[in-house]
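Subject: Structure handover

Hello,

I am passing this structure on to you. Please open it alongside this message; my notes follow below.

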Amino acid sequence: MDTGFLRVLLDPGHFFEARMQGEPSLKVPALIALVIGLIGAVSAIPMADFTMAMLPAEMQGLGVLMTVFSAGVAFVGGLLAWAIYGFVLYFVSMIFKGQGDLKRTMEFTGYGLIPQIFGGIIGTYFTYQLLSGLNVPPVTSPEQMVEFSENLVTILATDPLAQIAGLVTILFLIWSANIWIFGMKYARNLSTRDAVLTVGIPVGLYILYLLITLAGWL
Amino acid sequence: MKPLNVLIISLLCAAIAFTAPASAAPADVTVVSSSLDPPVLMKGDTGTLTVVIQNTGADTVAIRSARLYGSGVVPLSDPYPSVGELGAGNSKTFTFTVRAGNREGTFYPTFVLDFRDAAGSLRYPVPVQVENTPLSTSVISKPDAFAESRTADITVRVGNPRPNAASGVQVVPQGSGFAVTPTGGFIGTLVPDASGTVTFNLTPAAETDVTFQVVWRNGINTHTTDLMLPVAFGEDKRQADPVITNVEVTPIAGGYRIVGDVMNAGLESARSVLITPGAPATPTDPFRVYVVGTLDSDDISSFEVTFTADGTVEEIPVVVEYRDGDGNRYEATTMVGLGSTAAPLEEREDGGFPVTGIIVVVLVALGVAGAIYYSWKRT
């Protein structure tokens, strides 16, 4: 369990301290990112199906294409999120004179994404719950489809279930941030204070953005 | 005949001639005045004819009887069978009750005074006018249209085109299916060519006919004249007319929100204006009902209502309830299409409140907090 996932979640300090003894490896973090992407793809399918349902029969082929495309984008999204988090943390840590290679940073950032797997699973559940309660109106023109899509966004933003899903996302993001603090501390050789700031500033801003979105201020 | 007898008879006649009291001639008795109450009768009316005679001579006149002979009118009272003597310069009044016939015009019943002692009689035609013109009635003020339970002011004017005064004039509304205040209006005496008005507050409960009965007296005779006013419901040209515009339908979680403007395009104020979504929509919080209040003419107010509706519903009625100044309630309905905005969430079994979600959030929060606490404790 010295390098197990449970240790990453509950005792990231000692986990990353132990990982620093070996060469950086991106295999496991990449796997974690792919799992997150897979969950995102699964989550995107019901949304695409829902959109397909309002398309006329002659456009159902396009709908299938759209479903595949959405799932693909969501799948790649996991890897993309990993990369973005890694680079952001790497560059922010540079402000605090962090030292350590990018590969190590990416590795530890990837481990820090593990809570997102749980968040993704719960989020997917909420997405299914939300979409199963929606009625698909008859749409006969592209204008109506655009109007419906805009309304759908409004509904998803205002539904309590969607807001709860957003809160769950934030909670798991906080958990990830906690892991990243320990990760940056070792990967970039930062003090605990600098590691907290390195992770806290970008994640804090992102959480603020999420909260504002949930409150409907945007 | 013997000369003596002739002489005796002649002396007797002379003695009678000299001893008998002196008597005025009938020509000295004249009718000095006559009057009729009421001055002008209507057909079938009963009136009182008064004749005053005066002895203008220097001697007493013996009168046996006085009577009235009808012409166009019927004397109802008995004649005066034994009048007696009328002293010099004295006058005497005779009163007869008469009833007008069924013809109009001026009639001359004859007043006859019979003198005693075969002194002849006095015949005097008394003019009696019979005119059947009733009082005229008209509605001079009423609303353009009546509405159920809406109080309307109705003004009735009563005029007197008759040559004599009408007394005790009053107007009494009659009929069913309405309430009226006052229940009757009193005008009193109307002299010739005068008029009086009475205003009623009429509140119809159904379409009906209201009869304004004008009751009045000509002398002792009571007459009525009816004026019928049909009460038919219609649209008041001045009434408030709430119009809904600028409607925007937005789906929200669990239903829809409609925002828009309501404007009073009528000429009168709309009071206590309430806006609600009608069936098949089901109003929901926070805006089950939107209270606008009073909307004066040309006023505009925004409103917002929230509701749920089945996904198959394409349009719902937005109901505007309002009252007029009398408190009568009206409704105006505007259909609002939901169109492609029909994407509400189905109502959850727990009434829309995601209890499970809250529990999950709490559990996750506890778990994350515990994990973070544990990770720092281990450091």
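**A hairpin in chain B**

S26(B) and S27(B) form a hairpin, with five residues between the two strands. In the turn, Gly327(B) has a positive phi of about 90 degrees. Keep in mind that this is a predicted model. The two strands cover residues 315-323 for S26 of chain B and residues 329-337 for S27 of chain B. They pair in the antiparallel sense, over nine bridges. One pair to look up is Glu321(B), whose bridge partner in S27(B) is Glu331(B).

**Chain B as a whole**

What is the secondary structure of chain B? It comes to two helices and 27 strands. The chain has 379 residues, and buried residues make up 28% of them. Take the contacts in chain B between residues at least 6 apart in sequence: 67% of these join residues at least 24 apart.

**An open sheet**

Four strands of chain B form an open sheet in the order S12-S13-S17-S15. The pairing is antiparallel. Strand S12 (136-141) and strand S15 (178-181) of chain B are the edge strands, each pairing on one side only. Neighbouring strands of this sheet are turned by 35 degrees against each other on average, direction ignored. As a general point, strands of a sheet pair through backbone hydrogen bonds.

Within the sheet, look at S12(B) and its partner S13 (residues 152-159) of chain B. These two pair over five bridges, in the antiparallel sense. Ser141(B) stands opposite Thr155(B) in S13(B).

**A proline in a loop**

Pro109(B) sits in the loop between strand S8 (105-107) and strand S9 (110-115) of chain B. Is Pro109(B) buried or exposed? It counts as buried, because it has 21 C-beta neighbours inside 10 Å. The cut-off for buried is 20 or more. Leaving out residues up to four places away in sequence, Pro109(B) touches Leu68(B), Tyr69(B), Gly70(B), Ser71(B), Val73(B), Pro75(B), Val98(B), Val126(B) and Val128(B). Tyr124(B) is 15 residues away from Pro109(B) along the chain, and their C-alpha atoms are separated by 8.4 Å.

**Helices in chain A**

Start with H5 (residues 102-111) of chain A. This helix is mostly covered, with eight of its ten residues buried. Among the buried residues of H5(A) are Arg104(A), Glu107(A), Phe108(A) and Tyr111(A).

Next, compare H6 (residues 114-132) and H8 (residues 160-187) of chain A. Their axes come within 9 Å and cross at roughly 175 degrees. Angles over 145 degrees count as roughly antiparallel, so H6(A) is roughly antiparallel to H8(A). On the H6(A) side, the contact includes Pro115(A), Phe118(A), Ile122(A), Phe126(A) and Leu130(A). On the H8(A) side, it includes Leu161(A), Ile164(A), Val168(A), Phe172(A) and Trp175(A). The residues of this contact divide into twelve nonpolar, six polar and no charged.

**What the record says**

UniProt, in an unreviewed entry, places the feature "transmembrane region" at residues 28-48, 68-96, 108-128, 161-183 and 195-217 of chain A. How do two of these spans look in the model? Over residues 108-128 of chain A, the chain is 90% helix and 0% strand. The end C-alpha atoms there are 32 Å apart. Residues 161-183 of chain A are 100% helix and 0% strand, with end C-alpha atoms 33 Å apart.

Best wishes

Methods:
Residues numbered from 1 in each chain as written. Chains lettered and ligands numbered in written order. Predicted model: local features only at pLDDT ≥ 70, side-chain atom pairs only at ≥ 80, totals over all residues. Buried ≥ 20, exposed ≤ 12 C-beta atoms within 10 Å, placed from the backbone. Pairing = 2+ DSSP bridges. Axes fitted to C-alpha atoms, helices over the stretch in contact; angles between N-to-C directions. Parallel < 35°, antiparallel > 145°, perpendicular 65-115°, else oblique. Contact = placed C-beta atoms within 7 Å. Nonpolar A, V, L, I, M, F, W, Y, C, P; charged D, E, K, R; others polar. UniProt positions renumbered as here; feature names shortened; annotations may be inferred.
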